[in-house]
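Welcome, and thanks for taking a look at this one.

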Amino acid sequence: MIPQLVVLDLDMCVWSPEMYELSEVPKKGVSEIRGDLGNGYGEGVVGVKSDSRVIKIFPGARAALQQYAEGKYPSMRLAAASSADTPHAVKIGRTAMSLLEVTPGVTLRQVFAMGWPER
């Protein structure tokens, strides 16, 4: 049986580091680090610079998210939880979600939006 909703804890479960540890909001076109997305998906944005740190999705989390993005769990939706405890930390996290890719050209934010009504 597949659950209808799965809530993933972002910080230190889906990605590293925790957003409250960072101070710089990543900048599109400047902060992205490209590399191998793993599992035969080719190249995409695998890291996002914030200060001297790099936000990265853990390989196991990326593999699970790739399966979800492929439609392996069509009746399931995803939601995110985070320990980002300030508006600035939330902005860093949301920006990272909009830049990090799960498959080429498909961001983490887009994967979490799958199955939800558009606003």
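Strand 2 and strand 5 run antiparallel and are joined by two bridges. Please keep in mind that this is a predicted model.

- The open sheet is built from four strands in the order 2-5-4-3, with antiparallel pairing.
- Strand 2 (15-16) and strand 3 are the edge strands, each having a single partner strand, so one side of each lacks a neighbour in the sheet.

**Strand 4 and its partners**
- Strand 4 covers residues 43-50 and is mostly covered, with six of its eight residues buried.
- Towards strand 5 (residues 53-57), strand 4 makes four bridges in an antiparallel arrangement.
- One of the pairs here is Lys 49 with Val 54, the latter lying in strand 5.
- Towards strand 3 (residues 32-36), strand 4 pairs over five bridges, again in the antiparallel sense.
- On that side, Ile 33 sits opposite Gly 47 of strand 4.

**The two hairpins**
- The hairpin of strands 3 and 4 has six residues between the strands, and Gly 38 adopts a positive phi near 80 degrees there.
- The hairpin of strands 4 and 5 has two residues between the strands, and in this hairpin Asp 51 has a positive phi near 60 degrees.

**Helix 2**
- Helix 2 runs over residues 87-99, which makes 13 residues.
- From first C-alpha to last, helix 2 reaches 18 Å, close to the 18 Å expected at 1.5 Å a residue.
- Its buried residues include Ala 89, Ile 92, Gly 93, Thr 95, Ala 96, Met 97 and Leu 99.
- An α-helix has 3.6 residues a turn, so residues three or four places apart point the same way.

**Thr 107 in strand 8**
- Thr 107 belongs to strand 8 (residues 106-107).
- With a relative accessible area of 12%, Thr 107 counts as buried, because it falls under the 20% limit.
- Apart from its neighbours within four places in sequence, Thr 107 contacts Met 97, Ser 98, Leu 99, Leu 100, Glu 101 and Val 102.

- Trp 116 is found in the segment after helix 3 (108-113).
- At 34% relative accessible area, Trp 116 is partly exposed.

Technical notes: Residues are numbered from 1 along each chain as its sequence is written. This is a predicted model: local features need pLDDT of at least 70, side-chain atom pairs count only at pLDDT 80 or more; totals for chains, interfaces and linings use all residues. Side-chain values use heavy atoms; hydrogens and water are left out. Buried means under 20% relative accessible area, exposed over 50%, partly exposed in between (1.4 Å probe, protein chains only). Contact means heavy atoms within 4.5 Å. Two strands pair if DSSP finds at least two bridges between them. The expected span of a helix is 1.5 Å times one less than its number of residues.
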